[in-house]
Each structure stands twice: as C-alpha cells, then as structure tokens.
Amino acid sequence: MKWFKIDDVQPDDTFIKKVKADGKSICVVGYEGNIYALSARCPHAGEDLSRGWCKEGKLVCPVHRFSYSLENGRGSSGQNDYVRTYPIKIAKGEVFVGVSSFWQKIKSLFSRSESFFEE
C-alpha cells in the first residue's frame, strides 16, 4: 500500500476535501473528530461527493441526496450501492491516505479466503 500526504488538513478540523492520490479522486472528510476517506464519485449519478455535506455519520451527495456511511461506504437503506473507502493514518500531526494497487487488492482477497480453509 502506498501512503499519500494530504496537504492543508488538521486532524481535528471539520472539512470535506477532494484530493488526487495515485490517480484516484478521493474525498477526505473530517467529521466529529475523525478523518475518513471515500471515493469522490457518487455511484448513483457520478457527482463529485466532495461538493456534498455530512449528516448523521454519512456523506450526502449534492445531486440526489443519496448518502454513504463514512465508516464503511455503504449506501443508506434502499440504495443498494456503496463507495470505496480508503485507510487514513495520522503521523506527527500529518494526515495520510492509503491506496492499494489492483494486484495488492487481489492478493488480499486470496490471503483472507485461505483462512476459511484452515482449522
């Protein structure tokens, strides 16, 4: 996994910011003392989620008001969709977002499935 520094962000600020990391558009959100990172593109309408707002632990799309959990990216009840989430790490007061390559994601899927077969 590669880690990318997010500039102009303080760990305890409230904010919504769109950043590019490893060619991906990522929406970084400071909400109620935590920092989250989700895909910046709404799967429903393709809108930029960084133009939205937070309500009740969810990021709300500015176009059709679809909302996504900051914790896990799941769409609200009845939406049947989700947005990708990314890990955040804070080191020495700086904020970083982690992005895995395609092959790293595939490898992690297989390493998790092997544990199902072990006793």
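# Strands and salt bridges

User: Which residue of strand 3 is the bridge partner of phenylalanine 15?

Analyst: The partner of phenylalanine 15 in strand 3 is glycine 30. The model is a predicted one, in which local features need pLDDT of at least 70 and side-chain atom pairs count only at pLDDT 80 or more, whereas totals for chains, interfaces and linings use all residues. Residues are numbered from 1 along each chain as its sequence is written, and side-chain values use heavy atoms, with hydrogens and water left out.

User: What makes strand 2 and strand 3 a pair?

Analyst: Strands are DSSP runs of E with at least two residues, just as helices are runs of H or I with at least four, and both are numbered from the N terminus. Two strands pair if DSSP finds at least two bridges between them; strand 2 (residues 15-21) and strand 3 (residues 24-31) have 7 bridges in the antiparallel sense, so they meet this criterion. Their hairpin has 2 residues between the strands, and aspartate 22 takes a positive phi near 55 degrees there.

User: Why are strand 2 and strand 8 called edge strands?

Analyst: The open sheet has 4 strands in the order 2-3-4-8, with antiparallel pairing. Strand 2 and strand 8 (85-86) each have a single partner strand, so one side of each is left without a neighbour in the sheet. The partner of strand 8 is strand 4, joined to it antiparallel by 2 bridges, and leucine 38 stands opposite threonine 85 of strand 8.

User: Why is the contact between aspartate 48 and lysine 18 called a salt bridge, and what does the pair tie together?

Analyst: A salt bridge needs a side-chain nitrogen of Lys or Arg within 4 Å of a carboxyl oxygen of Asp or Glu. The closest N and O atoms of aspartate 48 and lysine 18 are 3.5 Å apart, so the pair qualifies. Aspartate 48 lies in the loop between strand 4 (34-39) and strand 5 (53-55), while lysine 18 belongs to strand 2, so the contact ties together parts that are 30 residues apart in sequence.

User: Is aspartate 48 buried or exposed, and how is lysine 18 classed?

Analyst: Buried means under 20% relative accessible area, exposed means over 50%, and partly exposed lies in between, for a 1.4 Å probe and protein chains only. Aspartate 48, with 19%, is therefore buried, whereas lysine 18, at 40%, counts as partly exposed.

User: Which other salt bridges can be set against that definition?

Analyst: The structure holds 4 salt bridges, among them the one between aspartate 7 and lysine 5 at 3.0 Å, N to O. Aspartate 7 is partly exposed at 44% relative accessibility, and lysine 5 is likewise partly exposed at 39%. Glutamate 47 and arginine 51 bring their closest N and O atoms to 2.0 Å, so this pair also falls within the limit. Glutamate 47 counts as buried at 17%, but arginine 51 counts as exposed at 55%. Through shared partners, salt bridges also join Lys5, Asp7 and Glu94 into one network.

User: Why is lysine 92 called exposed, and where does the residue lie?

Analyst: Lysine 92 has a relative accessible area of 85%, so it is classed as exposed. Lysine 92 sits in the loop between strand 9 (88-91) and strand 10 (94-99), and has a positive phi of about 55 degrees although it is not a glycine. Arginine 65, also not a glycine, has a positive phi of about 70 degrees, and its place is the loop between strand 6 (58-60) and strand 7 (67-69).
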